Amino acid sequence: MTSSAAATGHEAVAQHVPPGRQRLGSLLIRGATLLLCAIAAVQLLYVTGYFSWGFSNWQPVFLAYIAWSIAFCWGLVLRDGEAGWRAVFVLPAVFFTLALVIFPTFFGFYIAFSDWNLQSAGGRSFNGLANFWQLIADPYFWNALGNMVFYVATVIVQYAIAFGLAMLLNADIKAQKFFRVAFLLPFMLSPVAVSWMIGKSMLEYRFGPVTNLLRWLGWEQPTLLTTPWLAKTTIALMDAWVWIPFMMIMILAGLQALPKDVQEAAKVDGATGWQGFWQITFPLMLPVSVTTIVLRIIFQLKLADIVINTTSGGPGGATDTISSYIFRVYKDRSNVGYGTMIAEVYLILIIIFVALLLKFTSRYMQRAT
């Protein structure tokens with residue numbers, strides 16, 4: 001028997017599972033699934049008022065989910081043998097994602113169609129599309145959404161600055177290692193710490209060193225955080241100070257991976273520094289640049305901490321982002337139902353926007369390369 005035939009025979013033997021064991025595995029999977037569905041259905045009918053009997057909380061459903069996950073993995077091993085063992089290595093990650101990502105998302109939709117204010121003694125009640133129509137007519141939501149367009153647009157400016165810094169650090173300059181560490185320092189700080197250190201301390205209207213310097217230079221009332229357009233620009237600058245190092249380090253890694261012979265050949269052919277950058281370096285850096293910009297936009301869509309700690313969305317919502325507005329709806333109004341509706345609608349908008357962004361960048365990359 002040849003080695004390939006022996007290997008095939010060994011695989012066939014390893015994959016063979018007795019029929020009784022297969023039936024037991026299938027029975028275990030189906031039984032555990034039916035039990036989980038039954039417990040979840042009973043609890044769901046109880047909390048919606050259709051059943052008079054149920055659990056006081058969702059903990060039994062969570063425990064049933066854990067038991068089902070274990071039974072499902074065990075059933076796969078019994079039913080599929082070696083293939084089941086291979087699946088078991090992947091399933092824990094799948095179950096973890098279901099429990100902490102998929103289920104909370106769908107549960108959020110359940111909450112979003114509810115009138116649930118924590119200050120009300122009545123508790124949660126179903127109100128259909130009332131929260132959605134309230135969102136459509138909410139000027140603060142649309143204002144925050146417009147602010148997000150501004151904040152996302154600043155990513156392009158951040159990218160240009162980060163590219164310039166990366167080019168500088170990639171050059172043969174003195175104290176290169178020192179400048180690399182110095183430029184990375186803002187990224188090592190928490191945005192919450194930055195908002196308190198800069199927004200609450202250095203930019204404080206009465207005693208902040210920055211505002212005192214501006215008064216000394218002749219600006220009588222440096223209202224950096226109380227004038228709407230100035231406050232929004234200040235928030236954008238603080239956010240850029242934190243995140244530009246992230247973009248810079250990714251671009252720097254791409255620059256260091258570029259082939260040196262192509263750039264040297266361009267110099268030999270008489271290309272100037274600008275021509276070498278625009279015709280060689282920049283096109284070769286497109287994949288890294290696109291990845292950096294897309295990741296930065298995704299992070300920017302979650303901007304909240306600097307806004308919450310510095311201006312709390314003010315003045316008059318001028319600096320609000322969607323995330324900071326959701327926080328204020330939860331914290332100030334205790335309106336869980338409406339706040340969850342905003343979060344779910346914003347999640348859908350983000351998914352659509354990122355999908356279109358990835359599609360556009362993919363087409364752009366195909367044309368460019």
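Biologist: Where is Ser-334 found?
Modeller: Ser-334 sits in the loop between α16 and α17 (336–368). Helices are DSSP runs (H or I, at least four residues), numbered from the N terminus. This is a predicted model: local features need pLDDT of at least 70, side-chain atom pairs count only at pLDDT 80 or more, and totals for chains, interfaces and linings use all residues. Residues are numbered from 1 along each chain as its sequence is written, and side-chain values use heavy atoms, leaving out hydrogens and water.

Biologist: What makes Ser-334 buried?
Modeller: Buried means under 20% relative accessible area, exposed over 50%, and partly exposed in between (1.4 Å probe, protein chains only). Ser-334 has 11%, so it is buried. Its phi is near 55°, a positive value in a residue other than glycine.

Biologist: Why is Ser-312 called partly exposed?
Modeller: Its relative accessibility is 45%, so Ser-312 counts as partly exposed. Ser-312 also has a positive phi, about 55°, although it is not a glycine. It lies in the loop between α15 and α16.

Biologist: What joins Gly-314 and Pro-315?
Modeller: A cis peptide bond, with omega about -5°. The place of Pro-315 is in the loop between α15 and α16 (322–333).

Biologist: Why is α3 called roughly antiparallel to α5?
Modeller: The axes of α3 (residues 59–80) and α5 (residues 91–112) cross at roughly 155° and come within 11 Å. That angle makes the pair roughly antiparallel. The label needs over 145 degrees; under 35 is roughly parallel, 65 to 115 roughly perpendicular, and the rest oblique. Axes are lines fitted to C-alpha atoms, for helices over the stretch in contact, and angles run from 0 to 180 degrees between N-to-C directions.

Biologist: Which residues of α3 and α5 meet?
Modeller: Tyr-65, Trp-68, Ser-69, Phe-72, Cys-73 and Leu-76 in α3 meet Leu-91, Phe-95, Leu-98 and Ala-99 in α5. Contact means heavy atoms within 4.5 Å. By class, the contact has nine nonpolar, one polar and no charged residues. Ala, Val, Leu, Ile, Met, Phe, Trp, Tyr, Cys and Pro count as nonpolar, Asp, Glu, Lys and Arg as charged, and the others, Gly among them, as polar.

Biologist: Which residues in helix α9 are buried?
Modeller: In α9 (residues 191–202), they are Pro-191, Val-194, Ser-195, Ile-198 and Gly-199.

Biologist: How do you know that they lie on the same side of α9?
Modeller: They cover an arc of only 100° around the axis, so they share one side of α9. The arc is that of the directions from the helix axis to the C-beta atoms. What covers these buried residues includes α11 (228–256) and α15 (305–310).

How values were computed
Helices (H or I, at least four residues) and strands (E, at least two) are DSSP runs, numbered from the N terminus.
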